[in-house]
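Please look over the sequence and the model before reading on.

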Amino acid sequence: MGCWRGPSPVLACLLLLHPLPSPACPTACRCSSGEADCREHALREVPQSLLTNTSTLWLGYNFIVVLGPRSFPPLPGLLLLSLPHNHLGLIHSQALVGLGALRELDLSNNHLTVLTPEIFLPLTSLAVLNLGSNRLAELDPGVLRALPQLQALHLQDNPWVCSCGILPLWRWLRHNREKVREKSLLLCRAPEQLNKYPIMAFGNESFRQCQETSLSAQQYITFLIIGPFSFMASIFFCTFVGSSIVIYHNLRREPHFWRRSRICRGR
C-alpha cells in the first residue's frame, strides 16, 4: 500500500523490482563472485571488459601468442592469473603492469624461450610462479630476484642446456632449494652426454672450468679498453726511457769532448 502514496515511494519500489544493471561479463567468459572463467574459447587476446573486482582469471587453452604492453585492463584485486596451454611465446616488459596484487601466475605449457626481469617487476606480491613445460634453455636469475615474495617455483619439463650458461641459474637454485618444486624433473636436454641428467645433482666441481675461464661482458669490455691503452703506454714509456738514456750519455760525453779540445789547443 505504501508504495502508491507518491512518486518517490513508487520510484523506490520500481528500483527494488528492477535493480541497476551490473557491468557485463565478457561474452567469452563466465563470471561469478570475482571469478572470470575464459578457458577454451579460442581467444587470441585478453578480454578488456573484465570486471574490476575480478580476483581470479582463467585464460587457459586459448590461442594467445603475445602479451603486449598493458595487455590487461585495470584489475587491482587480481590474485590468480592462469594462462596455461596457450601459444604464448613473447611477453612484453609492460604486459603485467597494474597487477601488483597478483599472488599466483601460471604460464606453463607455452612456447616461452626468453624471459627478462623487467616483465616481473610489477608483481611485487607474487608468491607462486609456474614456468613448467615451456622452451626455456636458460633463465636469467635476475627474473627470480625481481620477485621478493616468491615462495614456490615450477621449472620442470624445459629443454635446459647444461653448459656454462646455466651456472647463474644453478647457483640460484642451490641457494633457494626450498622454493623449487619438482626438483627431480629439472633435467638437462643438452649436451647429448648430459641428456636427462638432473640439474640439482651438479656440484661445484661440475662448473670448475666455467668459473676459471668464463668472463662477463663487463670484463671483456675492460680488457678491450685496457689492452690497447697499455700497449700504447708501454711504447711511450720505452721511447721516453730510451731518449733519456741517449741524452744522458750525450751529456756525459760532452765535457770530455771539450777537455780534449782544450788539450789539443794547448799543444
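How many disulfides does the structure hold? The model, which is predicted, holds four disulfides. A disulfide is a covalent bond between the sulfur atoms of two cysteines.

**The link of Cys25 and Cys31**

- Cys25 is joined to Cys31 by a disulfide in which the sulfur atoms lie 1.9 Å apart.
- The link of Cys25 and Cys31 is right-handed, with 65° about the S-S bond.

**The link of Cys29 and Cys38**

- A disulfide is also formed by Cys29 and Cys38, with 2.0 Å between their sulfur atoms.
- The torsion about the S-S bond of Cys29 and Cys38 is about 105°, so this disulfide is right-handed.
- Cys29 counts as buried because its relative accessibility is 9%, and buried means under 20%.
- Cys38 is buried as well, with a relative accessibility of 0%.

**The link of Cys164 and Cys210**

- Cys164 and Cys210 are joined by a disulfide with an S to S distance of 1.9 Å.
- This pair links distant parts of the chain, as Cys164 and Cys210 are 46 residues apart.
- Cys164 is found in the loop between β10 (160-161) and α4 (167-175), whereas Cys210 belongs to helix α5 (residues 208-213).
- The link of Cys164 and Cys210 is left-handed, with -80° about the S-S bond.

- Ser71 lies in the loop between β4 (66-67) and β5 (80-82).
- With a relative accessibility of 13%, Ser71 counts as buried, because this value falls under the 20% limit.
- Which backbone oxygen does the side chain of Ser71 reach? The side chain of Ser71 reaches that of Gly68, at 2.7 Å.
- Ser71 is also in contact with Val46, Gln48 and Ala95, when its neighbours within four places in sequence are left aside.

How values were computed: Residues numbered from 1 in each chain as written. Predicted model: local features only at pLDDT ≥ 70, side-chain atom pairs only at ≥ 80, totals over all residues. Heavy atoms only, no water. Helix = DSSP H or I, 4+ residues; strand = E, 2+ residues; numbered from the N terminus. Buried < 20%, exposed > 50% of the residue type's maximum accessible area, 1.4 Å probe, protein only. Polar contact = N/O pair within 3.5 Å; in protein donor to acceptor, adjacent residues only side chain to side chain. Contact = heavy atoms within 4.5 Å. Disulfide = S-S within 2.5 Å.
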